[in-house]
Amino acid sequence: MKNAACLRFGWTTFSRHLGSLLAIGASVASCLMIVHWGLRLTGESVLADAIEVVLSGLFMTGLFNACRRAALGRTPQLTDALAPFGQRPGHALAVSAVVSSGLLLSGIGVFITLFVFAFSLILVCEGESWMQALLHSKRLVVQNPGRVLGLLAALLVLNLLGALLLGVGLLVTAPISVLATIGLRMELDARSHTPGFMQLKLAR
């Protein structure tokens with residue numbers, strides 16, 4: 001599966017579950033906005049920033065979990081997006097904290113952590129511990145840097161285009177990006193014959 005095929009899979013799966021994923025995406029985006037502006041009302045502080053990172057990580061894991069369900073050929077539900085708050089939230093928070101730690105290394109740092117740990121939230125949703133997910137993602141990226149970088153670059157452009165549409169376009173481009181990333185992760189694990197990779201079969 002080339003990167004173009006991953007993008008096509010993302011679009012096809014998104015269009016198949018259009019209503020559900022749009023509703024879930026809108027719910028997640030609304031929650032993120034409420035968290036952001038609610039914390040801003042309390043004033044600028046390190047604590048407020050930390051709380052925002054924590055809650056944002058859980059909400060984004062929820063979006064990944066809902067998209068994973070769609071990738072499995074099932075209809076995603078709002079409960080899938082809320083699952084990380086009640087099921088193993090510590091693992092999602094740990095992964096989000098590691099990825100966000102790139103901000104401490106200046107702007108370029110977060111791009112590095114996003115690149116190396118591109119698959120970590122997906123893997124947490126599949127049941128891996130936060131450390132297993134980070135190491136698993138790192139191994140896949142190190143073995144296939146060109147493929148991962150190429151897809152992430154395409155997804156960056158896609159989401160920039162979505163942001164230009166008054167941000168509303170992100171309700172479409174964000175789920176497509178997650179689904180495309182899931183598609184690439186499945187392919188790379190299948191090629192490396194990782195035990196358990198057949199847990200995620202792309203819906204045809």
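Which residues line the second largest pocket? In this predicted model, local features need pLDDT of at least 70 and side-chain atom pairs count only at pLDDT 80 or more, whereas totals for chains, interfaces and linings use all residues. Residues are numbered from 1 along each chain as its sequence is written, and side-chain values use heavy atoms, with hydrogens and water left out.

The second largest pocket is lined by Thr61, Asn65, Ala83, Pro84, Gln87, Arg88, Ala92, Val124, Cys125 and Gly127. A pocket is here an open set of points on a 1 Å grid over the protein atoms alone, where a 1.4 Å probe fits, with protein on both sides within 12 Å along at least five of seven lines, and lining residues have an atom within 4 Å of a point. Its volume, the space filled by probe spheres set on the points, which are joined across faces, edges and corners, is about 160 Å³. The lining comprises five nonpolar residues, four polar and one charged, where Ala, Val, Leu, Ile, Met, Phe, Trp, Tyr, Cys and Pro count as nonpolar, Asp, Glu, Lys and Arg as charged, and the others, Gly among them, as polar.

Asn65 counts as buried because its relative accessibility is 14%, the limit being under 20% with a 1.4 Å probe and protein chains only. Beyond residues up to four places away in sequence, Asn65 touches Asp80, Ala83 and Cys125 (heavy atoms within 4.5 Å).

Notes. Buried means under 20% relative accessible area, exposed over 50%, partly exposed in between (1.4 Å probe, protein chains only).
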